[in-house]
Amino acid sequence: MSAFKDKMDKVTGKNAPTKFYEGEPIVHKRKRDSEGNLLMDYVLVKVRTDNDLVGFGEAPTDSYETVETVKLMIDRYMTPNLIGLDPTDIERNNDVISWRTDRMALRHATSAINYALYDILGKSLGVPLYVLLGGKYRDKVLASVEVPRGSPDEMELHSREYYDTGVRGIKAKIGSNPDSDAKCLKAIRDALGEKISLRGDANEGYTIQEAIRLARLAEKFETGLEVLEQPVTCSDLSGMRKVAFAVDTPIEADESAYSLYQVYEILRRNACDIINTKCSKAGGISGVKKWATVAEAARKPIVIGTEYGLGPMVAVKTHLGVAIKNADPVVEFTEIMLHDLLLKEPLKLDEGYIRVPNKPGIGWDLDEKKIEQFSIKDFPK
């Protein structure tokens, strides 16, 4: 399915200057409609049992796993291997469908089916997903939303827009010039006050020296920066370790963490303070649990990160946020500001928090009429 208009272009942005090239930033082209609005694609999955229980899952798409790739892998390679299996054998079923995940070809598709199988198990037992994960450590999580790169005034205005809708967690996209980026963080903090959660995501944009400078400027400007995500290139674990040891701001690994082994290696090298986990890169709920266990063994927390999605994605991330012991209580939900989640009942923030669903399985019901409205009608066979 293709979802939806984005008039504010909330998932993109820029802040000059770039390091070597003085023209317009070089970016991947994104799909847009005739009015120039950004379009986002997702794949919704239904898994049906022989006693007519239906589990819902979903996969985000990106340049590695496009909507066409995800659908093809599920239809042609995964579905035939699942037919006839016991849906409650979730770990075994994950192994059946997720071969060669080091090649990055199957993770999003695997995560979608993994969601659906957990949904089926919860519905069959009459319990919410968090019960299957071991129970709750908390009842709600604070929703954090990404603010795209821009000038201090632009980022302040964008953050204010979110704040006025009830958001109390801001994740600022930085990673350009540490001096201007620090001013952006200060502008957001000055505008929204001390009670918001403020974090920064550099998306691999800094050198080691720039990352250290940004963290120290953020401290000097009293921005209350809680986390600096992926300050240097994903392959430079020694560089990330140098940043982590040089500054007081906790350093988060995101792009560096893209498999269970990479998580282990990052933690073995003591290269960060927190691991960003996503179902779509870990291979579903099962994968996030494993990543969290490895991080807990190293006495490190995880954060449930942004992976644009619809209702099932938001619900699953909420369950993970309340049920995993070492999960940060701030969970990233940029998608709630981008488009309709296709839920029967609209999502509501409670003073910036999302409360965990208590119905069996994933816990929120999708609106079939909305799904039909946004489904791609002429999808290639």
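Thr165 counts as partly exposed because its relative accessibility is 45%; partly exposed lies between buried (under 20% relative accessible area) and exposed (over 50%), taken with a 1.4 Å probe on protein chains only. The model is predicted: local features need pLDDT of at least 70, side-chain atom pairs count only at pLDDT 80 or more, and totals for chains, interfaces and linings use all residues. Residues are numbered from 1 along each chain as its sequence is written, and side-chain values use heavy atoms, with hydrogens and water left out.

Thr165 sits in the loop between helix 5 (152-164) and strand 5 (169-173). Helices (H or I, at least four residues) and strands (E, at least two) are DSSP runs, numbered from the N terminus. The side chain of Thr165 reaches the backbone oxygen of Tyr162 at 2.6 Å. Apart from neighbours within four places in sequence, Thr165 is in contact (heavy atoms within 4.5 Å) with Met337 and Leu349. Lys348 is 183 residues from Thr165 along the chain, and their C-alpha atoms are separated by 10.0 Å.

Helix 6 (residues 178-192) and helix 7 (residues 208-220) have axes that come within 9 Å and cross at roughly 30°. Axes are lines fitted to C-alpha atoms, for helices over the stretch in contact, and angles run from 0 to 180 degrees between N-to-C directions. The two helices, helix 6 and helix 7, are therefore roughly parallel to each other, a term for angles under 35 degrees. Pro178, Asp179, Asp181, Ala182 and Leu185 of helix 6 make the contact with Glu210, Arg213, Leu214, Leu217 and Ala218 of helix 7. By class, this contact of helix 6 with helix 7 has six nonpolar, no polar and four charged residues. Ala, Val, Leu, Ile, Met, Phe, Trp, Tyr, Cys and Pro count as nonpolar, Asp, Glu, Lys and Arg as charged, and the others, Gly among them, as polar.

In helix 9 (residues 260-268), Val263, Glu265, Ile266 and Leu267 are buried. The buried residues of helix 9 pack against helix 8 (237-246), strand 8 (251-253), strand 9 (274-277) and helix 11 (285-297).

| Residue | Phi |
|---|---|
| Asn203 | near 50° |
| Asn270 | near 55° |
| Arg299 | near 60° |

Asn270 follows helix 9. Asn203 lies in the loop between strand 6 (197-201) and helix 7, and at 26% relative accessibility Asn203 is partly exposed. Arg299 lies in the loop between helix 11 and strand 10 (302-304); with a relative accessible area of 80%, Arg299 is exposed.

How values were computed
Polar contact = N/O pair within 3.5 Å; in protein donor to acceptor, adjacent residues only side chain to side chain. Parallel < 35°, antiparallel > 145°, perpendicular 65-115°, else oblique.
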